[in-house]
Amino acid sequence: MDEGAQALPTVLTGEEHESLERDKYLLAGQRTDMTILCKHKTRNHKELSENITIIKVGGQYEFSSHHTNIMILQYKNGIRVIVSTAGLYSSDWENRTQGLWISPHLPYLSESAHPSDGESSTGFKKDLERYLSEYDQPVLTQWISAIRRVNFSDVNVFLVASVPGIHKGYEANFWGCKKLAYILSRYVTLPPDTQWPIVIQSSGVGSFGPTIESWMLKNIIRCMSKEISIGLKNHPQFQFIYPSIENYKQSFDCQDLITPLTYSAEIHSKQQWLEQYLYQWKAKRTGRDRAMPRIKSYTRISPDSKEIPWFLLTSANLSKAAWGLITHYEGYSIGNYEAGVVFIPKFITGTITFPVGEEQNAAVPVFPIPYDLPLSRYESDDSPFVNEFVNSLN
């Protein structure tokens, strides 16, 4: 917490509700007001202190989920925003690999300032306000008002969020894969005539269809291929990091027969083409080889595995519900609430790419990729983790 800053109300949005058990909450000495938006409640809210307000968020569709993990901390002299991949339950914070982006302390504007003042060069302020407005929850009115009164000029990342619904026209560019494509097409430059693979790392796998063309190529690969140059290029190679059964066997989670991973054997049986794109979870460099990934990340990596032109840290797994798809209504259909941040070198280091793996320029720090490079393909006898594997061990 900033020196002299007293904690005031907090808003949290979380995939699960409040395994913030009462004893832990009280042990931390917390007495500030807290508002939690969630999809599921795993404990009786009466067991929590009266200063905690729980708001259940309903989905528009049967399989909609609330995956977003955002915290907004309010102080007397400003706010701080945290975008995370970890849900609000204890096992997600123990022995798993997660990612968090923590904003600088964002001070209040002067009373004479206009609500549109204090915007970042990345448009983070208006994007966060737009996202919170989509909940249509009266309890968030005070938070939206607080955001309007805050100076976000020190924020140097973009917010990429998803909200349930069918989004049409220009507004489709506000959400999901189309929002990411919009950013990349304006601020990312890649060398001509080189193949920089799209590398996706996820803790859950959706249903993609019988071939890679069914959804992957038309939607997510197409969007993540965007860059400033308009010249014709082939679709880049796609590499998908998802733990194998062998990776899981060696994990901390396997000892307790729990898992943050979500993929069903039935869905995999219908898309076995995915196996040719699979890479293992390897993180020996950071000492997280056995810490199963709940983190979700997306990037492109140079052929020599030394540079990336952008990096997305997000709650969004690789799925249609999280990222969206074009519908026959000529709209863009999204099922989930999701949120993440995109790091673009131009706004952070003033360069075209971030170095990864090893330092190339003392003035530009190495970007902290969560997995080992170069990537490790599945062995010939490897299979992707499926939830039925845990059931077979019980």
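These legends walk through several close-up views of a predicted model. Local features here need pLDDT of at least 70, side-chain atom pairs count only at pLDDT 80 or more, and totals for chains, interfaces and linings use all residues. Residues are numbered from 1 along each chain as its sequence is written, and side-chain values use heavy atoms, with hydrogens and water left out.

**View 1. The whole chain, before we zoom in.**
The chain has 11 helices and 21 strands; these are DSSP runs (H or I, at least four residues, for helices; E, at least two, for strands), numbered from the N terminus. Take the contacts with a separation of 6 or more: 74% of them come from residues 24 or more positions apart. Contact means heavy atoms within 4.5 Å.

**View 2. Strand S2, wrapped up on both faces.**
In S2 (residues 34–38), 5 of the 5 residues are buried, so the strand is largely enclosed by the rest of the structure. Met34, Ile36 and Cys38 sit on one side, with Thr35 and Leu37 on the other. In a regular strand, side chains alternate between the two faces of the sheet. S2 runs parallel to strand S3 (residues 52–56), joined by 5 bridges, and Ile36 stands opposite Ile54 in S3. Two strands pair if DSSP finds at least two bridges between them.

**View 3. An open sheet of 7 strands.**
The order is S9-S20-S17-S15-S11-S12-S13, and the pairing is mixed. At the edges are S9 (158–162) and S13 (278–279), each pairing on one side only. Further in, S15 (residues 296–300) and S17 (residues 311–314) pair in the antiparallel sense over 4 bridges, with Lys296 opposite Thr314 in S17. Helix H5 packs on this sheet, touching S11 (198–201), S12 (238–241) and S15, and its direction makes about 115° with that of S11.

**View 4. Ile198, tucked into strand S11.**
Ile198 belongs to S11 and is buried, with a relative accessible area of 0%. Leaving aside neighbours within four places in sequence, its contacts include Ile221, Met224, Phe238 and Thr299. The C-alpha atoms of Ile198 and Tyr298 are 7.4 Å apart, although 100 residues separate the two along the chain.

**View 5. Helices H4 and H5, side by side.**
The axes of H4 (residues 176–187) and H5 (residues 217–224) come within 8 Å and cross at roughly 30°. Axes are lines fitted to C-alpha atoms, for helices over the stretch in contact, and angles run from 0 to 180 degrees between N-to-C directions. The two helices are therefore roughly parallel (under 35 degrees; over 145 is roughly antiparallel, 65 to 115 roughly perpendicular and the rest oblique). Cys177, Lys178, Leu180, Ala181 and Leu184 of H4 meet Asn219, Ile220, Cys223 and Met224 of H5.

H2 (residues 124–133) and H3 (residues 141–148) pack at about 170° with axes 10 Å apart, which makes them roughly antiparallel. Lys125, Leu128, Glu129, Leu132 and Ser133 of H2 touch Ile144, Ile147 and Arg148 of H3. H2 also lies across S9 and S20 (338–343), at about 20° to S9.

Key
Buried means under 20% relative accessible area, exposed over 50%, partly exposed in between (1.4 Å probe, protein chains only).
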